[in-house]
Amino acid sequence: GQMANVAWLEKLLERTAYILESRKVVPEKEVHVQKVMDEYLEVIYGADYRRQFVIPGVAKNFKPDSGVISLEAAIEFKYVNSRTEFKTAISGLFEDSRGYKASRDWTRFYSVVYMTGAYGTAEQAIAAFEAADMVDWKPIVVTGKGGRKQRAE
């Protein structure tokens with residue numbers, strides 16, 4: 001049933017770092033993580049997988065990175081390279097969540113937080129989400145290789 005399919009999607013998202021590693025991708029920014037996962041999820045879900053769409057909200061529209069239509073699941077990727085960025089990513093998700101609580105088509109929201117080191121925990125994100133009443137949101141926190149490119153002076 002649908003719950004089994006939701007659990008399967010969550011398992012796939014939890015494997016984000018493993019998938020990038022197996023493809024020998026060392027991400028330097030969010031778009032690198034997103035690109036690999038887009039390809040991967042598109043192969044699995046086909047036409048049921050959608051990128052770059054808009055969920056009309058009360059205050060503002062929300063543009064998730066992608067989603068699985070039949071599971072009513074919207075997916076947002078965050079790339080975190082420090083403790084400060086972990087906090088910033090979580091507060092950025094609060095901002096996002098404000099505008100579009102009620103949507104008929106999208107009832108589940110996943111934020112995949114890809115960290116290049118142990119900068120935070122899923123428990124911290126869950127506690128922060130619960131405190132902000134983000135009940136439809138599920139953080140998926142993964143740790144993998146990566147780091148931002150150093151700018152040449």
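## Basis of the model

The structure is a predicted model, in which local features need pLDDT of at least 70 and side-chain atom pairs count only at pLDDT 80 or more, while totals for chains, interfaces and linings use all residues. Residues are numbered from 1 along each chain as its sequence is written, and side-chain values use heavy atoms, with hydrogens and water left out.

## Overall architecture

The protein chain has five helices and five strands. Both kinds of element are DSSP runs numbered from the N terminus: helices are H or I runs of at least four residues, and strands are E runs of at least two. Along the sequence, these elements follow the pattern α-α-α-β-β-β-α-β-α-β. The radius of gyration of the protein chain is 15 Å, close to the 15 Å that the globule rule gives for 153 residues, so the chain is as compact as a globular protein of that length. This radius is taken over C-alpha atoms, and the globule rule is 2.2 Å times the number of residues to the power 0.38.

The C-alpha trace spans about 50 × 35 × 30 Å along its principal axes. Of the 153 residues in the protein chain, 43% are buried. Here, buried means under 20% relative accessible area, exposed means over 50%, and partly exposed lies in between (1.4 Å probe, protein chains only). Contact means heavy atoms within 4.5 Å. Among contacts between residues at least 6 apart in sequence, 68% join residues at least 24 apart.

## The sheet and its helices

The five strands of an open sheet stand in the order 1-2-3-4-5, with mixed pairing. Two strands pair if DSSP finds at least two bridges between them. Strand 1 (49–51) and strand 5 (137–143) are the edge strands, each pairing on one side only. From one strand to the next, the twist averages 25°. Strand 4 (residues 108–115) and strand 5 run parallel and are joined by seven bridges. Phe109 stands opposite Trp137 in strand 5.

Helix 3 (residues 30–45) lies across strand 1, strand 2 (66–68), strand 3 (73–80) and strand 4, and runs at about 150° to strand 3. Helix 5 (residues 122–131) lies across strand 4 and strand 5, at about 160° to strand 5. For these angles, axes are lines fitted to C-alpha atoms, for helices over the stretch in contact, and the angles run from 0 to 180 degrees between N-to-C directions.

## Nonpolar cores

In soluble globular proteins, nonpolar side chains tend to be buried together. A nonpolar core is a set of buried Ala, Val, Leu, Ile, Met, Phe, Trp, Tyr and Cys residues joined through side-chain atoms within 4.5 Å. The largest nonpolar core has 24 residues, of which Leu9, Leu13, Met37, Leu41, Tyr45 and Ile75 touch the most other members. Helix 1 (2–14), helix 2 (16–22), helix 3, strand 3, strand 4 and strand 5 each supply at least two residues of this core. Helix 3 gives the largest share, five residues.

When its neighbours within four places in sequence are left aside, Leu13 is in contact with Met37, Leu41, Ile75, Phe77, Tyr110, Val112, Ile140 and Val142. A second, separate core of 18 residues includes Ala74, Ala89, Phe129 and Trp137.

## Salt bridges and a buried aspartate

The structure holds eight salt bridges. Each is a side-chain nitrogen of Lys or Arg within 4 Å of a carboxyl oxygen of Asp or Glu. One of them joins the side chains of Lys138 and Glu10 (2.8 Å, N to O). This pair links distant parts of the chain, with Lys138 in strand 5 and Glu10 in helix 1, 128 residues apart. Lys138 is partly exposed at 34% relative accessible area, whereas Glu10 is buried at 15%. Another bridge joins Glu85 and Arg148, whose closest N and O atoms are 2.7 Å apart.

Because Lys35 and Glu39 are four residues apart in helix 3, about one helical turn separates them. Arg23, Lys35 and Glu39 are linked in a network of salt bridges. Asp38 is also found in helix 3, and at 5% relative accessibility Asp38 counts as buried. Apart from its neighbours within four places in sequence, Asp38 is in contact with Tyr49, Arg51 and Ser66.
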